[in-house]
Amino acid sequence: MELMGIEPDRLHFSWISSAESTKFVNVVKEVTEKVKAIGPNTHFIKNTAKVA
Amino acid sequence: MVGYTDKIKEIAGRLLKECTVDMVIGFRKGTMPMMNEPCFATTPEAVDSLVWDSNCGINLANYLTNRKEKVAVIAKGCDSRNIVTHIIENKIKRDQVVIIGVPCTGMIDKRRITDMVAGEILDVSETENTIKVKTADAETLFDKAEVLQQNCALCIHRNPVIFDEMVADAIPEQDVVDRYADIQKIEAMDIEDKWRFFDDLLRPCIRCYACRNACPLCYCPTCFVDESKPQWMGKGQDPMDVRTFHFLRAYHCAGRCTDCGACERACPVGINMRLLTRKLEKDCQEEFGWEAGLSLDQRPAMDVYQANDPEPFIK
């Protein structure tokens, strides 16, 4: 994905068990922070035809 | 490689006459210069149309998938690696195939040659090191090394890794200093340039799927692009769909691709989609020390679990 031109911070991997609620919260926080920092995605958007 | 043809005919004829195999898969002359096509010989008489020259770039492992009968196949270095991959992936059994190994000095790039001469090419002939191209007005002589397909120029496995019979003695392997210079150049670009680079690379794609059809790895009964329940991606030429197709197809070949160049060769608009598969090939080599199709005893990089795998990208 990085090679293609997607910022590495947009893609995150984590292994979270259903029992690890705190870890889940922390990961989500981290992901949102990182993605907010790079701002809205300008690439890899498919514009679908607008139907009136 | 001049002179392989007679030996191939002899071996193929013998295998069919002795009924060791039901069919021999090789090449015959195509209807146009530099366009040899696969040939399926089932009788000893049919082997007369078999040929071997520098236009046999199609990967014959592609025609082995799920065969039930006994077949002999003519295999270059890359083809033999794909046959190994096929055997590992249970697409054919080892005792079902007789592999006729061909030490390969590389295939010529028909697109490059067409660009280098003016007018329609009427005939292409070759000696060991030269290629003679005849058009209506002129005859041009090329050094074979100059007009090789890029994957052949970078090839480090010219001799078959697995074979039952060899057409000729093994040839020395090439010393290629840097196989991935072009990939490193892309890796060094910044994010925006990378995005634009692939936009430009993939813009001409018409989604004909010739690359997929020529690829021996693409044997899924239904390809993800053809699925409609669920439909994973659009089927048109929207740049995002084109990009998704090429990147996803490359990922499906991760740790399996032998860089045989069949995809690029088949492409009607000349897209170098090997840049994608070679990036994954490079990663596999750097991360796992894995090269596809070298041995029947080793499980592929994407198929093994190691408890000590560092996985630093998983948080």
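Guide: Start with B:G119. This is a predicted model. B:G119 is exposed, because its relative accessible area is 54%, and the cut-off for exposed is over 50%. B:G119 sits in a loop of chain B, between α3 (110–116) and β6 (121–126). Now look for B:I92. Along the chain, B:I92 and B:G119 are 27 residues apart. Their C-alpha atoms are separated by 44 Å.

Next, the interface. Chain B puts 19 residues in contact with 19 residues of chain A. Between them the two chains bury about 1700 Å². Carbon and sulfur atoms give 64% of that area. On the side of chain B, three residues lose the most area to chain A: B:I191, B:W195 and B:K315. Together they make up 39% of what that side buries.

Stay with B:K315. B:K315 forms a salt bridge with A:E30. The closest N and O atoms of this pair are 3.7 Å apart. The count of salt bridges between chain B and chain A is two. Polar contacts join in as well: nine residue pairs across the interface, both residues at pLDDT 80 or more.

Which elements of chain B give two or more residues to the side that touches chain A? They are α5 (181–187), α6 (191–202) and α8 (239–252). The largest share, six residues, comes from α8(B). By class, this side of chain B has nine nonpolar, two polar and eight charged residues.

Definitions and conventions: Residues are numbered from 1 along each chain as its sequence is written. Chains are lettered from A and ligands numbered from 1 in the order in which they are written. This is a predicted model: local features need pLDDT of at least 70, side-chain atom pairs count only at pLDDT 80 or more; totals for chains, interfaces and linings use all residues. Side-chain values use heavy atoms; hydrogens and water are left out. Contact means heavy atoms within 4.5 Å. Buried area is the accessible area (1.4 Å probe) that two parts lose on being put together, summed over both. A salt bridge is a side-chain nitrogen of Lys or Arg within 4 Å of a carboxyl oxygen of Asp or Glu. A polar contact is a pair of N or O atoms within 3.5 Å; within protein, one must be able to donate a hydrogen and the other to accept it, and residues adjacent in sequence count only if both atoms are side-chain atoms. Helices (H or I, at least four residues) and strands (E, at least two) are DSSP runs, numbered from the N terminus. Ala, Val, Leu, Ile, Met, Phe, Trp, Tyr, Cys and Pro count as nonpolar, Asp, Glu, Lys and Arg as charged, and the others, Gly among them, as polar. Buried means under 20% relative accessible area, exposed over 50%, partly exposed in between (1.4 Å probe, protein chains only).
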